[in-house]
Amino acid sequence: MKKHLTILAVLSLLFVGTVSAHDGSQLWLQGSAPSVTSTLEIANAELNQSWKGAAPVLKLNKSMKALPDGSFSITIQAGTPVIQSASEVGLLYGSYHLLRLQQTGANVTDTAFVERPSYNIRILNHWDNLNGTIERGYAGRSIFWRNSADQMRRNADGEVNEEDLLHPKDAPEIPSVDRLRDYARANASIGINAYVPDNVNASPKVLTTEYLLEVKKMADIMRPYGMKTYLAINFASPMVIGGLDTADPLDKNVQKWWTAKVKEIYKLIPDFGGFLVKANSEGQPGPNDFGRTHAEGANMLAKALKPFGGIVMWRAFVYSPSDPDRAKQAYLEFQPLDGQFLDNVIIQIKNGPIDFQPREAYSALFGAMPKTREMAEWQITQEYLGHSNHIAYLAPMWTEFIQQIKEIAHCPINNALSPARSLTAISAVSNVGNSPSWCGNVMAQSNWYAFGRLAWNDELSACQIADEWARLTLFPDRDDAATTKALANVKCLMLRSREAIVDYMMPLGLHHQFAWGHHYGPEPYCDIPGARPDWMPSYYAKADAEGLGFNRSSTGSNATGQYPTDYAKVLDNPETCPYDLLLWFHHVPWGKTIQHRCGDRVARESLWNALCHHYQHGLDEARAMQRDWDRCQGQIDADVFADIQRRLRIQTRDAQWWKDGCLLYFQTFSGLPFPDDVESAVHDLDKLRAIKLGITNYECPSEELLDSVR
Ligand code: GCV
């Protein structure tokens with residue numbers, strides 16, 4: 001037996017060492033990470049290794065200091081590129097940009113332009129636990145913590161022991177240095193300049209000296225690539241690891257504890273970025289526990305960080321059950337605090353008011369706190385979008401959000417709208433793990449890439465980013481007719497994927513119809529006795545004999561009243577409310593005629609028929625995505641092709657599950673038949689109701705498991 005295991009181990013090592021060139025393990029990059037360690041050396045080495053042409057000139061130009069940090073210019077005259085920037089990291093960004101232009105086939109003969117970032121802090125949040133699991137992670141285990149051994153105990157149902165999660169017993173251990181360097185390089189190549197390596201459901205342990213020494217090692221690897229290190233902290237740390245009997249932010253000893261801890265951190269990591277805090281949310285401790293406000297809590301940390309130039313990113317993801325509408329909670333708790341936060345505090349707000357749904361209204365907090373710094377939080381990891389089984393390109397969702405907050409909320413969160421503010425930022429929850437493809441599958445890498453590109457330039461289109469990413473990742477160094485065709489098919493698949501998911505999961509503004517806990521698959525019928533009502537799908541759908549949808553208009557919870565007046569009016573009236581948010585804001589009778597768009601078709605029909613058509617369209621689109629991909633056979637790395645083909649098959653079967661589960665369940669309220677052009681269900685509602693995947697919040701269900709239950 002032992003011998004077999006040894007052979008297996010050797011074989012798997014051999015396998016890891018012989019992965020083919022375009023299997024996704026290199027992301028969108030060419031060559032390998034240079035073995036030099038200073039920023040300028042890296043820039044030169046990257047150009048030497050990949051630039052085909054006259055040697056580029058890198059020039060530090062202090063006169064560019066007035067531009068946001070990292071800005072650069074590129075001038076190409078007579079074939080020689082000159083990259084200029086006020087900082088070394090700007091020169092590194094310029095080098096990667098130049099290579100990207102070359103590798104995507106752009107015309108780079110005679111050109112001159114300046115590139116400046118839309119946001120100053122472009123940060124990835126990793127929900128990685130110190131024992132190596134990743135909350136909502138579908139790409140293996142953490143690249144930051146305990147890469148090698150499984151330290152967790154599980155109960156008979158396979159659930160992780162919470163104690164192990166919060167208080168890992170053994171000493172910390174930094175995983176592969178190479179992997180971390182590749183991670184830093186990948187981020188720098190798209191302009192991401194910061195990361196938080198630990199979960200916002202933070203273990204107090206991360207602030208112990210033992211762990212801080214490991215964080216220092218990470219920071220040292222990241223620094224030459226312009227990546228600043230931040231930490232998610234647990235507000236009760238002074239009690240758990242500091243031996244104090246309170247974490248009250250107004251208590252002198254608590255303040256002293258944080259001041260000393262911050263000093264210790266900066267001694268180890270002089271360019272440390274600051275703290276990310278989830279407080280008084282989902283059981284996490286916070287200032288409210290001591291009768292203090294979010295502002296008092298955030299400011300206490302901000303004061304400790306201020307002398308070192310550090311900041312606090314304080315999350316607004318709160319939803320105490322004090323208002324009957326969860327969507328209003330963050331606004332109700334935070335908006336009255338406008339003007340009370342110190343200037344090195346920035347409020348990190350999820351794009352929508354609930355929780356990273358396939359489509360949400362934008363969070364009304366954006367633009368509602370003019371005296372407070374605000375930043376958006378997106379989710380790259382696909383907690384609510386089919387984990388790493390479904391192919392979902394998310395740039396269309398994010399560009400939709402950017403447009404809304406610029407045009408409707410007039411929210412000055414980016415450098416163009418707020419040139420005077422140095423603290424502008426944007427964040428996203430990462431989908432990176434230690435899987436060979438980094439993100440669970442190669443197509444999911446496109447969302448990491450898209451986040452970086454949009455954080456750098458939020459005016460790029462989803463289509464342009466898809467084009468860049470697919471050329472760089474799937475078709476490097478290829479420029480023939482077959483590639484052009486395959487590229488068009490891949491882009492078609494990517495660009496239709498997000499709306500397809502909205503349609504087969506939750507069209508017309510429906511939301512949170514997910515299975516309990518792990519959020520994979522439909523469970524509109526979910527019923528957990530005694531659970532919080534706002535953790536139940538029925539709370540959001542409000543299906544009854546009359547109709548469907550959450551009345552958030554002025555005749556209901558009045559969440560519409562939290563938006564700017566003109567937009568609030570549009571949302572408040574079901575006749576003018578955008579059809580894709582209709583059930584988000586209104587409870588609509590089944591028979592009411594609505595105008596909506598389904599794919600290319602604009603229609604006027606009853607809510608019930610419209611709902612059926614959207615679910616059908618979502619399923620049709622999933623099938624079309626399979627066809628788009630199949631047309632690329634032979635043009636894409638064979639393993640990548642087969643892996644994505646398999647996932648698209650799961651996705652289509654899941655789309656069928658979603659359509660049947662939701663429509664059959666809602667039909668028990670509407671009592672209406674499917675329209676003639678909508679396919680009959682292939683599942684039985686009672687059997688669907690009985691499905692329980694039994695997975696944790698740290699994994700994606702396997703095809704085998706799914707096949708065995710649906
Ligand atoms: C990290 C949702 C997710 C949680 C996550 C939380 C958050 O509730 O399901 O896993 O916790 O959001 O953003 O804090």
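The shell around the ligand in this predicted model is made up of eight charged, three polar and three nonpolar residues. Of the 14 residues around the ligand, those that come nearest are Glu135, Lys278, Glu282, Arg315 and Glu383. Glu135 places a polar side-chain atom 2.5 Å from an oxygen atom of the ligand. For Lys350, the corresponding distance from a polar side-chain atom to a ligand oxygen atom is 2.7 Å. Asp355 also takes part, with an N or O atom of its side chain 3.3 Å from an oxygen atom of the ligand.

Helix packing was examined for helix α19, which spans residues 638–670. Helix α14 (residues 481–505) packs with α19 at an angle of about 30°, and the two axes are 9 Å apart. Angles under 35 degrees count as roughly parallel, and α14 and α19 are therefore roughly parallel to each other. On the α14 side, the contact is made by Leu493, Ile501, Tyr504 and Met505. The α19 side contributes Leu648, Gln651, Ala655, Trp658, Lys659 and Cys662. By class, the residues of the contact of α14 with α19 comprise eight nonpolar, one polar and one charged.

Helix α18, formed by residues 607–630, also packs with α19. The axes of α18 and α19 cross at roughly 170° and come within 9 Å. Angles over 145 degrees count as roughly antiparallel, so α18 and α19 are roughly antiparallel to each other. The contact of α18 with α19 contains 17 nonpolar residues, together with eight polar and four charged ones.

How values were computed:
Residues are numbered from 1 along each chain as its sequence is written. This is a predicted model: local features need pLDDT of at least 70, side-chain atom pairs count only at pLDDT 80 or more; totals for chains, interfaces and linings use all residues. Side-chain values use heavy atoms; hydrogens and water are left out. Axes are lines fitted to C-alpha atoms, for helices over the stretch in contact, and angles run from 0 to 180 degrees between N-to-C directions. Helices (H or I, at least four residues) and strands (E, at least two) are DSSP runs, numbered from the N terminus. Angles under 35 degrees count as roughly parallel, over 145 as roughly antiparallel, 65 to 115 as roughly perpendicular and the rest as oblique. Contact means heavy atoms within 4.5 Å. Ala, Val, Leu, Ile, Met, Phe, Trp, Tyr, Cys and Pro count as nonpolar, Asp, Glu, Lys and Arg as charged, and the others, Gly among them, as polar. A residue is near a molecule or strand if one of its heavy atoms lies within 4 Å of it. A polar contact is a pair of N or O atoms within 3.5 Å; within protein, one must be able to donate a hydrogen and the other to accept it, and residues adjacent in sequence count only if both atoms are side-chain atoms.
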